[in-house]
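Good morning, colleagues. Please look at the model on the screen while I take you through its fold and its charged pairs.

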Amino acid sequence: MPFIRTTSDHTDFQTLVRLLDQDLAIRDGEEHAFYAQFNKIADIKNAVVYYHEGVAVGCGAFKMYDSVTVEIKRMFVQPDFRGRGIAATILNELEMWAVELNYAETILETGIKQLEAIRLYRKCGYVLIPNYGQYANVENSVCMKKQLN
């Protein structure tokens, strides 16, 4: 398999998240510190790392939001590997894992400036929802949801 299921303790996951944070710091600009406080990876028990020829090139994770919902977090694919369906593969694996753990839906937040992410999530069946939790009154956040089978 091109991916592994792991936790936030995995070195490859941590390396990819650092790259993600560097990218988001540029995209988010002054707002990065606000979003960063909600993206800590300590104690994430459900993470996926995607490999290409033995090199970690993508990742994603989820954490429990409530008894029926998980929140998708830390989705990232290195720029040279984008456009190959890797992010959709990672997302699908996260969704299947959530179903195995008896969750019924996923939610997520992404930035309004992250058009590629929004397109990916829509293509994968996510629909827009009102901003939830800490994102409720944040104009630059886009929140989405998907019912799982």
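Arg 74 is located in strand S4, where strands (E, at least two residues) and helices (H or I, at least four residues) are DSSP runs numbered from the N terminus. Its phi is near 55°, a positive value in a residue other than glycine. As background, most residues other than glycine have a negative phi. Is Arg 74 buried or exposed? Arg 74 counts as buried, at 5% relative accessibility. Here buried means under 20% relative accessible area, exposed means over 50%, and partly exposed lies in between, with a 1.4 Å probe and protein chains only.

Before I go on, a word on the source: this is a predicted model, in which local features need pLDDT of at least 70 and side-chain atom pairs count only at pLDDT 80 or more, while totals for chains, interfaces and linings use all residues. Residues are numbered from 1 along each chain as its sequence is written, and side-chain values use heavy atoms, with hydrogens and water left out.

Glu 53 is not a glycine either, yet has a positive phi of about 50°. Glu 53 sits in the loop between S2 and S3, and that hairpin has two residues between the strands. In contrast to the buried Arg 74, Glu 53 is exposed, with a relative accessible area of 73%.

Let me now turn to the overall architecture. The protein comprises four helices and seven strands, and from the N terminus on its elements run β-α-α-β-β-β-α-β-α-β-β. In what order do the strands of the open sheet stand? The order is S1-S2-S3-S4-S5-S7-S6, with mixed pairing; two strands are taken to pair if DSSP finds at least two bridges between them. Strand S1 (3-6) and strand S6 (127-129) stand at the edges with a single partner strand each, so one side of each is left without a neighbour in the sheet. From one strand to the next, the twist averages 30°. For this and the other angles, axes are lines fitted to C-alpha atoms, for helices over the stretch in contact, and angles run from 0 to 180 degrees between N-to-C directions.

Within the sheet, strand S2 (residues 46-52) pairs with strand S3 (residues 55-66) in the antiparallel sense, over seven bridges. Tyr 50 stands opposite Gly 58 in S3, and Val 48 has Gly 60 as its bridge partner in S3. S3 pairs in turn with S4, again in the antiparallel sense and over seven bridges. Phe 62 has Ile 72 of S4 as its bridge partner, and a hairpin joins S3 to S4 through two residues.

Helix H4 (residues 115-123) lies across S4, strand S5 (105-111), S6 and S7, and runs at about 160° to S5.

I come finally to the charged pairs. How many salt bridges are there? The count comes to six, where a salt bridge is a side-chain nitrogen of Lys or Arg within 4 Å of a carboxyl oxygen of Asp or Glu.

One of them brings us back to Arg 74, which forms a salt bridge with Asp 21, the closest N and O atoms being 2.8 Å apart. Asp 21 lies in helix H1 (residues 11-28) and Arg 74 in strand S4, so the pair ties together parts that are 53 residues apart in sequence. Asp 21 is partly exposed, with a relative accessible area of 27%.

Arg 5 and Glu 100 also meet through their side chains, at 2.8 Å from N to O. This pair links distant parts of the chain, with Arg 5 in strand S1 and Glu 100 in helix H3, 95 residues apart. Arg 5 counts as partly exposed, at 32% relative accessibility.

Glu 71 forms a salt bridge with Lys 73, at 3.9 Å between the closest N and O atoms. Both partners count as buried, Glu 71 at 3% relative accessibility and Lys 73 at 7%.

How values were computed:
Contact = heavy atoms within 4.5 Å.
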